[in-house]
Amino acid sequence: MDFVFWLLSYVVPFLVVLTIIVFVHEMGHYLVARWNGIAIQAFSIGFGPELIGFNDKRGTRWKLSAIPLGGYVRFVGDMNATSMPDEAFIERAGPELSRQLFVNKNVWQRISVVIAGPVANIIFTLLVLYALLLGYGRYTIPAVLDAVPVESVAGQAGLAEGDRIVSVDGFEVRGFEDFQRLIATAPERQVTITFDRDGRTETITAVPQAVSTTDRFGNAHRIGRLGVTKNIDQSDVVLYRPDPVEAIGMTFEEVRFIIDRTVAFLGDFFVGRGDVEQLGGPVKVAKVSGEVASLGIVALINLMALLSLNIGIFNLLPIPMLDGGHLAYYLVEAARGKPLSQRVQEIGYRFGLAIVFTLMVFTLINDLF
């Protein structure tokens, strides 16, 4: 029974979330490749041996594979799922097939195909967040400070009781929950706070103190705090429903916030502020998926949108094997008028494989210990 509970509570939500995200990503590659007349050999959710699949009328093999930790679109003429060209096959291809090979398309067509996966993830995130905002709105409370101890970080920076927070780091604060989140995601990083005091708009800077806290599931988090408090009465909580136009701006601002804080989180590791315990791999994602699923389908959908955006961003990193690595190669090709040598590309792929493998091992060990 314990195993069945674990399977249903953690593994199933994780696989559902990951499968949808991977499908969206690979479908971005697939659609743009089709639009550019590229022959596609396989569309796979997962890696390794095929579990089930079928061929469509164009000859593409659609399949579900045994290792559900990613996926790929393999073009005709590729040696493997990482799009390394099969030189022997390319030389044997006839004129008609040659025109459909990915490697023979111009550099801008190849760039469009490579970037389509991450862009699909970003668009998916925008659509999901927009739909949730229109469908459910958001609960909010006034962003007015109730108590600001003089000795607190906020008090030392110049905030006081009765101040209404307007924005943090250029992000609009519509409610106290926005203020909390913006501060919590900036431990030991300077933030710029704009507030209204008796009708006057003022701006200060502060560095939130890093503290450790535990969520309802017992997970430890390193967050930022200013030391302010807010007394919340049930009558203070209101459901805000933006109109369709306002929701567009709120959605883009949410995505900008996630990207900004993700980049800042990664940047912390280069200046010695990073918390390695916050890095996680498949085990941690599965655990978080199960925990969030227990909060309801809306929370799980919101997590899926967040993960989709992060996967899109991660894939744009200029690491060979990732989409960003391919993109870097093609941009160099566009600048110099000819591609890098096959030898240089192979060295890059091996280097990229080492980085990705090391990261996978590190996050797995971090998850387990």
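Modeller: Happy to! Let me begin with two terms: strands (E, at least two residues) and helices (H or I, at least four residues) are DSSP runs, numbered from the N terminus, and two strands pair if DSSP finds at least two bridges between them. With that in hand, here is the sheet: four strands form an open sheet in the order S5-S4-S6-S7, with antiparallel pairing. Strand S5 (171-172) and strand S7 (200-206) stand at the edges, each with a single partner strand, so one side of each is left without a neighbour in the sheet. Strands of a sheet pair through backbone hydrogen bonds, either parallel or antiparallel.

A word on what you are looking at: this is a predicted model, in which local features need pLDDT of at least 70 and side-chain atom pairs count only at pLDDT 80 or more, while totals for chains, interfaces and linings use all residues. Residues are numbered from 1 along each chain as its sequence is written, and side-chain values use heavy atoms, with hydrogens and water left out.

Back to the sheet. Strand S6 (residues 191-197) pairs with S7 in the antiparallel sense, over seven bridges.

H6 (residues 176-184) lies across strand S4 (164-168), S5 and S6, and runs at about 45° to S4. That angle is taken between N-to-C directions, from 0 to 180 degrees, with axes as lines fitted to C-alpha atoms, for helices over the stretch in contact; contact means heavy atoms within 4.5 Å.

Further along the sequence you will find another pairing. Strand S8 (residues 209-214) and strand S9 (residues 220-225) run antiparallel and are joined by six bridges. Here serine 212 stands opposite arginine 222 in S9. The hairpin of S8 and S9 has five residues between the strands, and glycine 218 takes a positive phi near 90° there.

Finally, step back to the whole chain. It holds 11 helices and 10 strands, and its C-alpha trace spans about 75 × 60 × 45 Å along the principal axes. Among contacts in the chain with a separation of 6 or more, 61% involve residues 24 or more positions apart.
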